[in-house]
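Have a look at the model first, then try each task before reading its solution.

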Amino acid sequence: MSMIEVDDLRKDYGSFRALDGVSFKLDRGEILGFLGPNGAGKTTTMKILTGFLYPTSGRATVAGHDVMENSVEVRRRIGYLPEHTPLYDDMTVSEYLHTCGRLRSMSGAHLAERTKIVVGLTALGPKYRAPIHTLSKGYRQRVGLAQALLHEPEIIILDEPTVGLDPNQVVDVRAIMREVGRDRTVILCSHILPEVEAVCGRVIIIDDGKIVADGATAELGRQHAGAAHFRVEVVGDAASLAVALQTLPGNPTLGAPHSDGATSSITVTAAVDPADAAAAIIAALNNAGLRLVAFEPKHASLEDVFRKLTRRKEHSA
Amino acid sequence: MNTIAWKELRSFLNSPIAYIFLIAFTGWLAGSYFVWGKVGQGVTFFSVGNTSLDVYFSLVPQAFVLLIPALAMRLWPDEIKSGTVELLMTYPVRSWEVVCGKFLAGIWLIALGLLFTLPVPWTVGAYGDLDWGPVWGAYIASLFLGGAFLSIGLFMGALCSEQVTAFIVTAAICLLFVLMGDTLINLFIPKGLHALSNALSFSSRFNYLGRGVVDVADTFYFGSVTAVFLMLNVTVLETRKGA
């Protein structure tokens, strides 16, 4: 059974359609990167999964419980770090975690033990007795994480957990995500692509309320590459390199050739199968008698896929 | 529910509002009664010249009209503004538990305020024979009245999401409920509605309750007003999920 099943979810805010038929399934142990530009519907989806908002239509279940009919059962199983990490600023970390535990019906030795574990995991020890309003952004984020992990939830939903953190803190938070994601289902909402590439096994890209890509992180780049990119470097001047590649089949796009003393390089983008394109390029260089120095295929990164799938029409001001 | 009540009480006590409320409420009642007299009438304990506390307890509604909206106005708007409402509503607690928890915290604070005014009847009791029956009746009535005001304030906070607006609207509604049934106000409304205005009036019911006659109908009235506004509050929360 899937941990999360989302079926044809729609959400309207007035006349604005925030989600337009979103469907996906998520199994235990998957770490999903939920990507999309700002306003694409990421946070709305998370708010529906956590029972904070009801969908306009469609169905979502978490561990078999419907998010509308059995909201409390759903919320019991989820640990949620909302966007912007809201916290009760007037409490100390220890009071806050205690309150969160009590709200989840935890108490006594069990709560004390779990608190100790999450405080250790998120390295909150030095600030345990500090009032939350005195904490830095990084520590606030850790308190939010600790709160989300306190009750050993089966599902953890983190909305932009590393926004505003310094690079060291980002590394720490990612390590925590990987650690907890080993035996749990994690959804990480983000538009920080390297983060998703580093942590998530699977990616969903959402744009304008619709899912535009869904697959293994490594697969996505290959699927959506669409064109073959190569960087070619030869011994000789830039002009002869450009001339040699002009007769390539399929009318590829050539970048501006760049000369660097004895060698020259150029980028080639061909809208054909990468293997065919590579063979054609090498044949053309042989015919022209140019000696190859470097030949690098450039795979589309997640960033390229993201940009390609979510680029919208530029609005003129 | 108790966890939420504790959380709210804690945050009350961490902010100046709880202390302002307690001091202002005690000061208003004791000050008006002993020193400067009731607003608009100028009667004090000394000018009345007996040990009936009627004048004293008639101060309670006017103090509540101003002070309870101030107490209630932060309960929801603070959470909505800081986004913690999203945490609270995604914990496995039901909306009514959250609403009742917040209400309970306010009631505790109002009860504490009433407790602080006990020295006044003690002092009066020291001057002469004081019938404590009506005094306790009036305290119970005050708590019920406070509960009704608090539930209105809580609801308005959830509806307006903004402190100042919630305060003004709540104070206006509470004032209306208090003034209804007043002979002066009745001059301005059609005769046919007088019975309704008298029936809805907080003051007349409060006065009956305060005379030591704990009338089931009056208690029930305050209880139902409170329940209605608490339910409306839950409805606002639930409706917002679908919005």
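**Exercise 1.** Find how far apart the centres of domain 1 of chain A and domain 2 of chain A are.

*Solution.* Remember that this is a predicted model. Start with the bounds: domain 1 of chain A covers 4-223, and domain 2 covers 228-298. Then take the centres over C-alpha atoms, which gives a separation of 46 Å.

**Exercise 2.** Work out the strand order of the open six-stranded sheet in chain A, and explain why strand 6 and strand 10 stand at the edges.

*Solution.* The order reads 6-7-8-3-9-10, with mixed pairing. Strand 6 (78-81) and strand 10 (210-216) of chain A each have a single partner strand, so one side of each lacks a neighbour in the sheet. On average, neighbouring strands are turned by 15 degrees against each other, direction ignored. Now zoom in on one pair: strand 3 (residues 31-35) and strand 8 (residues 185-190) of chain A run parallel, joined over five bridges. Within strand 8 of chain A, V186(A) is the bridge partner of I31(A).

**Exercise 3.** Identify the strands that helix 11 of chain A lies across.

*Solution.* Helix 11 (residues 302-310) of chain A lies across strands 3, 9 and 10 of chain A, at about 25 degrees to strand 9.

**Exercise 4.** Describe the side of chain B that touches chain A.

*Solution.* First count: the contact takes 17 residues from chain B and 19 residues from chain A. Next, locate the elements of chain B that give two or more residues: helix 1 (2-13), helix 6 (84-89) and helix 14 (216-242). Helix 6 of chain B gives the most, with four residues. Finally, sort this side of chain B by class: five nonpolar, eight polar and four charged residues.

Note on methods:
Residues are numbered from 1 along each chain as its sequence is written. Chains are lettered from A and ligands numbered from 1 in the order in which they are written. This is a predicted model: local features need pLDDT of at least 70, side-chain atom pairs count only at pLDDT 80 or more; totals for chains, interfaces and linings use all residues. Two residues are in contact if their C-beta atoms, placed from the backbone, lie within 7 Å. Ala, Val, Leu, Ile, Met, Phe, Trp, Tyr, Cys and Pro count as nonpolar, Asp, Glu, Lys and Arg as charged, and the others, Gly among them, as polar. Domain bounds come from an automatic or database domain assignment. Two strands pair if DSSP finds at least two bridges between them. Axes are lines fitted to C-alpha atoms, for helices over the stretch in contact, and angles run from 0 to 180 degrees between N-to-C directions.
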